[in-house]
Amino acid sequence: MGREVPQQQQQQVALAVEQLLAVNPYNPDMLSDLENYVNEQVSSQTYNLDANLCLLRIYQFEPDRMSTQIVARILVKALMAMPSPDFGLCLFLIPERVQMEEQFKTLIVLSHYLETGRFSQFWDEASKNRHIVEAVPGFEQAIQAYAIHVLSLTYQRVPRSVLAEAINIEGLSLDKFLEHHVANSGWILEKGHGRGQLIVLPRNEFNHPELKKNTDDGIPLEHVARIFPILG
């Protein structure tokens, strides 16, 4: 019962912001409400890209009122949404002079490592900048989920060592992680030939091309819909 009250408050905050955005999405008077909503997303581990994009757009009109802490949190939340292109959409609205600040340069490097599947370098860099990424709960779990998504596009059977490097877990913690996904995600563990344990990942159209259906390769419509108001 106690958990329902915070959830109701979160829903009320989200609804209030959505109503404000519907009336006038770029009203400077909404700046404080949208900043508070970013903090609410962080504490409640929720996410609203459209509201965050509106705030970044208002910052463009009101640069003296920009909070770099809020901007950093928006970018971390966008990283957590990968493989969606949210980070690039947000970065497009952030002035270059701000991007040159050290914390934003770090986030851009982290984004590059994730986009190119260089997970070992990502975790090394993230460990040096814990003050940035650990300010947002759920960051590590979100990136681990993205790493698994990337591996599932490439591997039918992934070596344990490759998985361990990608998700930055090893030893007994990795054993528990694997047990959880065997029970809940359809993973299968098998012994490799001289290569240690292998994890058989669920079949999909990428690791089993024969499953691929005839689909258009165009940009998803929802991505286009988000880009046009920003460019306008």
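Visitor: Which residues line the largest pocket?

Guide: A pocket is an open set of points on a 1 Å grid over the protein atoms alone, with protein on both sides within 12 Å along at least five of seven lines, and lining residues have an atom within 4 Å of a point. In this predicted model, the largest pocket is lined by Trp 123, Ala 126, Ser 127, Arg 130, Val 133, Glu 134, Val 136, Phe 139, Glu 140, Gln 141 and Asn 168. Two or more of the lining residues come from each of helix H8 (119-128), helix H9 (130-133) and helix H10 (139-154), where a helix is a DSSP run (H or I) of at least four residues and a strand a run (E) of at least two, numbered from the N terminus.

Visitor: What can I rely on here?

Guide: Local features need pLDDT of at least 70 and side-chain atom pairs count only at pLDDT 80 or more, while totals for chains, interfaces and linings use all residues. Residues are numbered from 1 along each chain, and side-chain values use heavy atoms, with hydrogens and water left out.

Visitor: Which residues of H2 are buried?

Guide: Buried means under 20% relative accessible area with a 1.4 Å probe, protein chains only. In H2, these are Leu 31, Leu 34, Glu 35, Tyr 37, Val 38, Gln 41, Val 42 and Ser 44. Gln 45, which follows H2, has a positive phi, near 55°.

Visitor: In what order do the strands of the open sheet lie?

Guide: Strands pair if DSSP finds at least two bridges between them. Here the order is E1-E3-E2, with antiparallel pairing. Strand E1 (157-159) and strand E2 (188-191) each have a single partner strand, so one side of each lacks a neighbour in the sheet. Three bridges join E1 to E3 (residues 197-200), and Arg 157 has Val 200 as its bridge partner in E3.

Methods. 1 Å grid on protein atoms, 1.4 Å probe; cavity = no way out; pocket = protein on both sides within 12 Å on 5 of 7 lines; lining within 4 Å. Buried < 20%, exposed > 50% of the residue type's maximum accessible area, 1.4 Å probe, protein only.
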